[in-house]
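Visitor: I would like to learn how to read a structure like this one. Please take me through a few features.

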Amino acid sequence: MITKEELLDFMREKAYKPMTYQELEKNFDIGDAESFKQFLKMLNQLEDAGEIIRTRTERYGVPERMNLIKGKLQGHAKGFGFLLPDDKDHPDIYIHANDMNGAMNGDIILARITSKSAAGGKLEGEVVRVVTRAVTQVVGTFQSFESYAFVIADDKRITKDIFIPKDAFQGAVTGQKVVVDIVQYPEGRAAAEGRVVEILGHKDDPGVDILSIIRKYQLPEAFPEEVMAEAEQVPDSIGEEELQGRRDLRGKRIVTIDGEDAKDLDDAVNVEQLPNGNYVLGVHIADVSYYVRENSELDREAYNRGSSVYLVDRVIPMLPHRLSNGICSLNPKVDRLTMSCEMEFDGNVNLVRHDIFTSVIKTTERMTYTNVRKILRGEDEEVTERYKDLVDFFKLMEELAMKLRNRRMQRGAIDFDFQESKILVDENGKPTDIVKRERSIAEQIIEEFMLAANETVAEHFHWMKVPFLYRIHENPDGDKLQHFMEFITNFGYVVKGKGNSVHPRALQTLLEEIRGTKEETIISTVMLRSMKQARYDANSLGHFGLAAEFYSHFTSPIRRYPDLIIHRVIREVLESGSLTDKRHEYLTARMDDIARQSSERERLAVDAERDTEALKKAEYMLDKVGEEFEGMISSVTNFGIFVELENTVEGLIRLSDLHDDYYHYHEMQHALIGERTSKIYRIGDDVKVRVARVNMDEHNIDFEMVDAQPRQQKVSFVDGNRGKRGKPGDEGRDRERGRGKGGVDAWGFSRSGKAGGTGKRSERGAAAGEGNRAGGDNGGGEWTNVRPERSGTGAGGGRGGRGRSGAGGSPRGSGGGSRAGTEGGGARGGKRPGGFGASRKPKNGGVKGGALAGAKKRGKK
């Protein structure tokens, strides 16, 4: 019987032409009925997985031979998306909103490339087929219109509201947060249809906000019964029989150092100094793999969760509390099973010896970062006296950690020191304060010790050539890096590199050079944005940010599945000395899947954590509307300025709220420049702002500029002749660009038109300029100084052209008529009057537009 691999290899051959199943049957000489049945089943499975395509003429081929690319769709709140190809070497493909063809964020899709840039770089495409649907449930706000309803998704990447027929309300009423199952996906102009499966409560009820985010990301709160039953079988204490083969370290002075509120203590450390002056560092990690066995219910659940998720007011753990806070937690003065990495360093912190082994420990103390800092900095005599027997112990730790850190910096590791915060909430989940997280000497000690253990373990098992999981951070994208290197020349800095590559040491040298300067924040931020995300991989590809050739995650198996996996591999190698060929092959086949799953779950956890933080920060600022704060510009975009306050709250000053001038966005400089005043706003500038609005639905905060203090040195972004000013009412024809001597282009401008024009674009905006701010049919959808969602609102709003203008016009998708054109009394809806799009109750006599018309068309009433 032919295998899937053989069939796919055959179809990938250059000489292959798409064949029917009969031709394939004949080619592979499939004779008996049972083999033919299995062959057809295999064809269907491969087609369902998107690995082969069936054409309209019933012929089969592989996507890459048919000019199709398979990958994951990354949606955007504005309706467009990007295909992230399965082939990591293939560039991403931009998908216009009109070419999504019903695909939604996260879907696995097949797309066809429709155009390429002149240089062959940027690609555009269209969705040909959705292979796998990622979104099966949607969380959002319920809005009833008696005979039908819509759910407005909390996830703004789902740009079309979900239509709910009357018989699927399940008792939900307007204003409630609900969970809906999608029963019919978008098709053509028709939006998705769903049914309510859970009512979370009214959107303003305490706790519903966080619960909505948990449901939005489909985070599993409760553990299944079979998992809990298995956890109950885990003993509460350690028996003598479990110590066989373990190194007994219970007589050593070993401590844990964690935050005050930490309950899952998975790492402990000790340091000794030998008579020859060498240091011995021991890093002891909870031996979770001893209790969570391969293919057990606990293991399968940990794989599905990927990691623990730390939300503002709760933790959603990877393992049940009985393990994570119990037998696996290195609680003080009790026996615990551990996996240890012992390292000996010479006076120059060269690693001269290391050993990795299973062990049993009994920690001396459960220390906190705060108390260790107080001891080392002499800040509290009472604390120092309480732990007087450990004072020299901690000083030796600091000595070794700082030497390890200096060594790491010398080899070129990049050390970003961005400010983090912690949101304090009361028993009802209401935020009471936002405090900065301190990265003190105590945090740095643990950080350095964990990094040393992670590198040592990764290199050891790399050279043993066993299947393993590595934490990798690939080199920055060449174009982004080049963009960054050009950007820093505005501040007089240069980073040496060859072509589009640079050693991380050069970037760390730059960070050290700018430390304490005014431009430190802007350069650090832009540098970080030029880099790729770290991820897990079965191959050791190095870690750019740490300047490490080998790196893995070994130190947190309670809360990260990759750590648990490599502990399991380590145990197997330690116990048997080597892996059998069959076991080696099995683990090798599994590692790619585990790396992908773990990376995806990690990103989802980070998104959920950021979502809850944004939510609670917005809620914290609700009663501060009208108050003024000092802040710093953290980002500059073509639609406004983001400002971060001292308490790390970030808000947006929209261009429409900058009334003193017309501002132009200069991407290379990350700056906004006033057309008339030449005033410059850049990342890192200090500004004074007023809280203007807080949108709890979007978790957004809007600021208004009170006072700005730009840098003293004036940088000339426009060097040379300015572009010719557009003639009044030229409707987009005047775009002559002035190019100075090595300076940045200044665009011609048409801004004194009287009639409102037809919306042709003149310099990134509306034709006939200011006339469009007072109305006009397709008015000003992309005028730089006008909020796109409000464009064309004056003078009754016009027709809501192209689904993005008109009164209160929103670019929300199909059937968006009633929201895109009616609220200001517009005569008719947007471009798309059909389907179940972004319907809203009309105001001032506007028609119901798209949703009702579409409902009737499909036989709904």
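Visitor: At what angle do helix H15 and helix H16 pack, and how far apart are their axes?

Guide: Some ground rules come first. This is a predicted model, in which local features need pLDDT of at least 70 and side-chain atom pairs count only at pLDDT 80 or more, while totals for chains, interfaces and linings use all residues. Residues are numbered from 1 along each chain as its sequence is written, and side-chain values use heavy atoms, with hydrogens and water left out. Helices (H or I, at least four residues) and strands (E, at least two) are DSSP runs numbered from the N terminus. An axis is a line fitted to C-alpha atoms, for helices over the stretch in contact, and angles run from 0 to 180 degrees between N-to-C directions. Here H15 (residues 561-576) and H16 (residues 581-620) pack at about 165°, with axes 10 Å apart. That makes H15 roughly antiparallel to H16 (under 35 degrees is roughly parallel, over 145 roughly antiparallel, 65 to 115 roughly perpendicular, the rest oblique).

Visitor: Which residues make the contact?

Guide: Contact means heavy atoms within 4.5 Å. H15 contributes Tyr-561, Pro-562, Ile-565, Val-569 and Glu-572, and H16 contributes Arg-583, Leu-587, Met-591, Ile-594 and Ser-598.

Visitor: How does helix H4 cross H16?

Guide: The axes of H4 (residues 208-216) and H16 come within 10 Å and cross at roughly 160°. H4 and H16 are therefore roughly antiparallel to each other. On the H4 side the contact includes Ile-210 and Ile-213, and on the H16 side it includes Ala-608 and Leu-615.

Visitor: Is Gln-176 buried or exposed?

Guide: Buried means under 20% relative accessible area, exposed over 50%, and partly exposed in between (1.4 Å probe, protein chains only). Gln-176 counts as buried because its relative accessibility is 17%. Gln-176 lies in strand S11 (residues 176-184). Leaving out residues up to four places away in sequence, Gln-176 touches several residues, among them Phe-142, Ile-199 and His-202. A polar atom of the Gln-176 side chain lies 3.1 Å from the backbone nitrogen of Val-173.

Visitor: Which residues of helix H8 are buried?

Guide: In H8 (residues 369-377) the buried residues are Tyr-369, Asn-371, Val-372, Arg-373, Ile-375 and Leu-376. Their cover includes strand S14 (255-258), strand S21 (365-368), and helices H9 (381-386), H10 (391-411) and H11 (441-463).

Visitor: What comes just after H8?

Guide: Just after H8, Gly-378 takes a positive phi of about 60°.

Conventions: Polar contact = N/O pair within 3.5 Å; in protein donor to acceptor, adjacent residues only side chain to side chain.
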